[in-house]
Amino acid sequence: MLALTFASATTVALVIARIVVTHNIHYGFLIWNLFLAWLPMMFALLACEKFRGGEPRNWRFAALAGAWLLFFPNAPYIFTDFIHLVHGPYRQFWVDLTLILMCALTGLVLGFVSLYLMQSLVRQRFGQIASWLFIAGVAGLSGFGIYLGRFLRLNSWDIIAKPVKLYNGISTCAANPMANSHTFTFPLLFGTFIFLAYVMLYTLTHLPRPEMAVIPRRELPGPA
């Protein structure tokens, strides 16, 4: 949490510095998107607290878990903000690329930490295999959620604010998913990216410590 807070604060400070220097608030959306990436972390922490408090079937736990799933796509969504580089001034290309990359990486790690917390709850209740099926399912749903956000401009809270628009968007995609190449390929590829990235990060965080990974050298037998 300390590392993520430090990374977020540093990124926000750099975005504010860009706004001050360029007198352009366009990239201020990165601060908002980073804030949204923190929401699944908060919901996951609260859900874990309810679970450990012996309330896994309580409606509050279900609401927190549902809110986490609803807002989770906001964490990896920041990677799609690279599209703004196409329309930005070339002289600031590398600065803007670095800022978006910092926000995207911070958001992705925030999302993955929250995903790890939720996976641990599923593993405790249903076992290891179910927990990885859970990861695959969340990755697939997130890919579709990011598609809804980037191409249909729908937000997580539209399930309450604009339920009809959300329903129409989802039903249109479900009725004819092959009508537009983005409808099928983008969610599939982005979901695959989320799954593989999580697997790699999970593997890195579960590597043995260096002193434990050293293979002791066997002593050669001496002369008889």
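Leaving aside neighbours within four places in sequence, which residues is serine 114 in contact with? With contact meaning heavy atoms within 4.5 Å, serine 114 is in contact with Pro40, Met41, Ala44, Trp68 and Phe72. The points below place this residue and others in the predicted model.

1. Basis of the values. The model is predicted, so local features need pLDDT of at least 70 and side-chain atom pairs count only at pLDDT 80 or more, while totals for chains, interfaces and linings use all residues. Residues are numbered from 1 along each chain as its sequence is written, and side-chain values use heavy atoms, with hydrogens and water left out.

2. Overall make-up. The chain has ten helices and zero strands, where helices (H or I, at least four residues) and strands (E, at least two) are DSSP runs numbered from the N terminus. Of the contacts in the chain with a separation of 6 or more, 75% are accounted for by residues 24 or more positions apart. The accessible surface of the chain comes to about 13700 Å², of which 72% belongs to carbon and sulfur atoms; accessible areas come from the Shrake-Rupley method with a 1.4 Å probe, and for residues only the protein chains shown count as cover. Buried residues make up 38% of the 224 residues in the chain, where buried means under 20% relative accessible area, exposed over 50% and partly exposed in between (1.4 Å probe, protein chains only).

3. Serine 114 and tryptophan 68. Serine 114 lies in helix 5 (residues 93-126) and counts as buried because its relative accessibility is 0%. Its contact partner Trp68 is found in helix 3 and, at 1% relative accessibility, counts as buried. Apart from neighbours within four places in sequence, tryptophan 68 is in contact with Pro40, Phe43, Ala44, Ser114, Leu115, Met118, Phe134 and Val138. Tryptophan 68 and leucine 45 lie 23 residues apart in sequence, with 9.6 Å between their C-alpha atoms.

4. The largest nonpolar core. A nonpolar core is taken as a set of buried Ala, Val, Leu, Ile, Met, Phe, Trp, Tyr and Cys residues joined through side-chain atoms within 4.5 Å. The largest one has 48 residues, of which Leu30, Trp68, Ile78, Leu110, Phe112, Leu115 and Met118 touch the most other members. The elements giving two or more residues to this core are helix 1 (2-22), helix 2 (29-52), helix 3 (59-71), helix 4 (74-77), helix 5, helix 6 and helix 9 (181-205). Helix 5 gives the most, with eleven residues. Leucine 115, not counting residues up to four places away in sequence, touches Trp68, Phe72, Phe134, Ile135, Val138 and Tyr198.

5. Helix 6. The 24 residues of helix 6 (residues 128-151) should span 34 Å at 1.5 Å a residue, and its end C-alpha atoms are 35 Å apart, which agrees; the expected span is 1.5 Å times one less than the number of residues. Its buried residues include Ser131, Ile135, Val138 and Tyr147. Just after helix 6, arginine 153 takes a positive phi of about 55 degrees.

6. Aromatic pairs. The structure holds 20 aromatic pairs, where rings of Phe, Tyr and Trp (its six-membered ring) pair if their centres lie within 6.5 Å, planes under 30 degrees apart counting as stacked, over 60 as edge-to-face and the rest as tilted. Tyrosine 147 and phenylalanine 151 form a tilted pair, 5.3 Å centre to centre with 35 degrees between the planes. Both lie in helix 6, four residues apart, about one turn of the helix; tyrosine 147 is buried, with a relative accessible area of 5%, whereas phenylalanine 151, at 34%, counts as partly exposed. The rings of tyrosine 147 and phenylalanine 186 have their centres 6.5 Å apart and their planes at 50 degrees, so this pair is tilted as well. That pair links distant parts of the chain, with tyrosine 147 in helix 6 and phenylalanine 186 in helix 9, 39 residues apart. One aromatic cluster is formed by Phe79, Phe82, Phe144, Tyr147, Phe151, Phe186, Phe190 and Phe193.

7. Cysteines. With a disulfide taken as a pair of cysteine sulfur atoms within 2.5 Å, the count comes to zero. Cysteine 48 counts as buried at 2% relative accessibility, and cysteine 103 is buried with a relative accessible area of 1%.
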